Amino acid sequence: MNHDIAKQFEPSSEGDGAVEHPDAARLLPWSSADGNPCYLLGDGTGHVSRVAEDIERLQLGMADELIGHADGLLACQGASDRELRFLARGLTDCLRDVRRVAESRGERLRAVGRSPDDEGGDEV
């Protein structure tokens, strides 16, 4: 995906004043009102970063709960088409959220010179 990344604007006598921010832009777990991705510039220690962490934790927890619900519903032979469509919508929404969390975390790992694969340690 090619998203516009926010830049910090500082007064300058040269050019348009746009300066690359020294910190990596963080993809936030929510979109703007018109559906565009939101980014945060900073060192990751501020209030918005903590809110983003809380929302990501909530999204991942909801995905875990929905997976459990899906396992139960799919094991039930009598699940209706309506129930399965509702489940598919929920799983799609959760998958979209989890993918966004993974993208955000992967981008932050690359920004500090680590591969997303390094996160898992020695696990195979």
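**A walk through the predicted model**

Hi everyone, let me start with one alanine: A79 touches L73 and L84, leaving out residues up to four places away in sequence. A contact here means heavy atoms within 4.5 Å.

A word on the ground rules. This is a predicted model, in which local features need pLDDT of at least 70 and side-chain atom pairs count only at pLDDT 80 or more, while totals for chains, interfaces and linings use all residues. Residues are numbered from 1 along each chain as its sequence is written, and side-chain values use heavy atoms, with hydrogens and water left out.

So where does A79 sit? A79 belongs to the largest nonpolar core, along with A63, L66, A70, L73, L87 and C94. Such a core is a set of buried Ala, Val, Leu, Ile, Met, Phe, Trp, Tyr and Cys residues joined through side-chain atoms within 4.5 Å. Buried means under 20% relative accessible area, exposed over 50%, and partly exposed in between, with a 1.4 Å probe and protein chains only. Helices α1 (47–75) and α2 (81–111) each supply at least two residues of this core, and α1 gives the most, with four.

Stepping back, the protein has two helices and four strands, in the order β-β-β-β-α-α from the N terminus. These are DSSP runs numbered from the N terminus: helices are H or I with at least four residues, and strands are E with at least two. Of the 124 residues, 21% are buried.

Helix α1 also holds V51.

Confidence is highest in α1, at 95, and lowest in strand β1 (residues 8–9), at a mean of 33. Over residues 1–19, pLDDT stays under 50. Where pLDDT is low, the predicted coordinates should not be read in detail.

That's my tour, so please jump in with questions.

Technical notes. pLDDT = per-residue confidence, 0-100.
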